[in-house]
Amino acid sequence: MSHEPSTLAILIFLGMVGITLGISFYLGRKAKDSAGYFAAHGQIPWFVNGVAFAGDYLSAASFLGICGMIAFYGYDGFLYSIGYLAGWIVALFVVAEPMKRLGKFTFADALNAKFNSPGIKLAAGVSTLAVSLFYLIPQMVGAGVLVQPLLGWEHWQGVVMVGAVVIVIVVTAGMVSTTWVQFIKGGMLIVFSSVLTVMILQRGLHADPELPAAQTMVKQADGAVFVNGLPKGNEPGEAQLKPVGSISKLPGGVEKTGPLGPLEFFSTLEQSEVVLWSKAETKGDDGSVMTTFTPKPTPGSQILQPGASPTFAGIRSEKFSDKLNFLSLMLALFCGTASLPHILIRYYTVKDEAAARKSTIVGIACIGFFYVLTLYMGLGAMTSGALDVTDSNMAAPLLARSMSELLFAIISAIAFTTVLGTVSGLILASAGAVTHDLLESVTTVHMSDQQRVLVAKCAAVVVGVIAIFLGIAFKELNVTYLVGWAFSVAASANLPSLVMLLFWRGTTKQGIIAAVLVGMISSLTWILLSGDTYASVYGWDKADSIVPFSQPGIVTIPLGFATLIAVSLITQPKQRLAA
């Protein structure tokens, strides 16, 4: 499917980038020391910080990935929304106030407040980098996806441009500019997603009883691509994959419903028949690969039930390992939110513990409302006739384009700043880990305040460059699926230590170090050896995987807790043992 660049979209896109960079340069004067660069001097108002929480958390995975998954499979994508939102309960009741009370600049500060241990700093710093890099991958993939229809660029060009802009944001003003960028884009994302949802309901649903024809795409060994038997392209004698997304039957045999109410939309869709698309690949003896996209009329009642996508097929499977895979993913989503370093450091930007709690409540309200909207946007894209059958990440922008070119331009530009805000927070968390946790705390190097900021900016450049390369390498994967990996690593490596430090007096520094390292290494190893990684990353047979299911959380999160308890019991101080 060809994406023609829009002049209007380009102008709004450039305007958003200009505003973002302008904010960064203007606020750069407030980020001369560590307190300003890493924590905005703790002067961010709690309401602004709450909306910035939403702006930081509602990433490319939330907007592009979830909407795309719902558009292609139905209700399954919304299960990610439920998992993401539920995790904020842990953030509110467990970590919000203690993080503000214990820490200063980084996640490791909170873990190390009681022990002053270089080992804790090292372990937590490495964990922060691992989680941030995993989370950066889907953000950069999403950035490349967005720039393609906006500017007509190649995916890699979009990733490079986004990486460059984010590096400028972080280097110029740190947490101050990152917070305000996240606040603005979080607010705009919610407002314009609401506008898009209202337009979906006003448009209603319409039926096209003629079943669309199957489509094929052949990639030859020499790199030539043929679509439906013709060379791929936009010139005469060439072809592109046709946009998809339709309803074959509406209840009562009507052709159009007219405007629908919020609940009426779901009840009507439940009684309809929707055309989904299946994908199958066939490898030829000459090295060519033919991908066939086949229409599949599906009852609406089935679309509104979980288990249709490969990710959540375990819900309907009779295999115990498949059900464990689903439970493991949901556990990771629930536990991962309160373990993400770029989310945790945002608690340092407000003045006190009460402000930390109130900003979390504002964040939950904004995030929850947006996730409800993703269900409408995803299902609206499913029936819009504008889906790109090869790219689930483009569902929301293409839905907006089917409504209005102006709305497409605004939604795409906002989605782009969504990526900017989230990536900025991740790179800032990584830069803080390098400066405070790895260099100064572990080595004997003592830096002045200005030197710390300088090192952090250099680290931000390095992490940004790494993120660019990762975004290019993983461009084919759905961004929501990739985020599931990051949540698993975060929950396995960080949550056990943070929870046990707060609620068990017997926690020792050795226990924290062991739990962080074991949780991180075990979850990363499990992911790299999983069937999904075999198939999607290595190109190997999924059946050859040596782990029984792909999501590690249900094994590695308890392993982190068990490791901390066991090591802490072994390393209890003599005075406590005597008592």
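**Notebook: aromatic pairs, a helix contact and cysteines**

The model is a predicted one.

I then turned to the rings. The structure holds 18 aromatic pairs. In one of them, phenylalanine 265 and tyrosine 376 have ring centres 5.8 Å apart and planes at 45 degrees, so I logged the pair as tilted. Phenylalanine 265 sits in helix α9 (residues 262-270) and tyrosine 376 in helix α13, 111 residues apart in the chain. Phenylalanine 265 is buried, as is tyrosine 376. Tyrosine 376 also pairs with phenylalanine 266, at 4.8 Å centre to centre and 40 degrees between the planes, again tilted.

Next I checked the packing of α5 (residues 76-102) on α13 (residues 353-382): the angle is about 175 degrees and the axes are 9 Å apart. That angle makes α5 roughly antiparallel to α13. Residues in the contact include Tyr84 and Trp88 of α5 and Ile364 and Tyr371 of α13. By class I noted 14 nonpolar, 4 polar and 5 charged residues.

Tyr84, Trp88 and Tyr371 also came up in one aromatic cluster, which includes Phe53, Tyr57 and Phe487.

Last, I searched the whole structure for disulfides and found 0. For cysteine 67, the closest cysteine sulfur is in cysteine 366, 17 Å away, so the distance is too far for a bond. Cysteine 67 is buried at 0% relative accessible area, whereas cysteine 458 is partly exposed at 44%.

Terms used:
Residues are numbered from 1 along each chain as its sequence is written. This is a predicted model: local features need pLDDT of at least 70, side-chain atom pairs count only at pLDDT 80 or more; totals for chains, interfaces and linings use all residues. Side-chain values use heavy atoms; hydrogens and water are left out. Axes are lines fitted to C-alpha atoms, for helices over the stretch in contact, and angles run from 0 to 180 degrees between N-to-C directions. Helices (H or I, at least four residues) and strands (E, at least two) are DSSP runs, numbered from the N terminus. Angles under 35 degrees count as roughly parallel, over 145 as roughly antiparallel, 65 to 115 as roughly perpendicular and the rest as oblique. Contact means heavy atoms within 4.5 Å. Ala, Val, Leu, Ile, Met, Phe, Trp, Tyr, Cys and Pro count as nonpolar, Asp, Glu, Lys and Arg as charged, and the others, Gly among them, as polar. A disulfide is a pair of cysteine sulfur atoms within 2.5 Å. Buried means under 20% relative accessible area, exposed over 50%, partly exposed in between (1.4 Å probe, protein chains only). Rings of Phe, Tyr and Trp (its six-membered ring) pair if their centres lie within 6.5 Å; planes under 30 degrees apart count as stacked, over 60 as edge-to-face and the rest as tilted.
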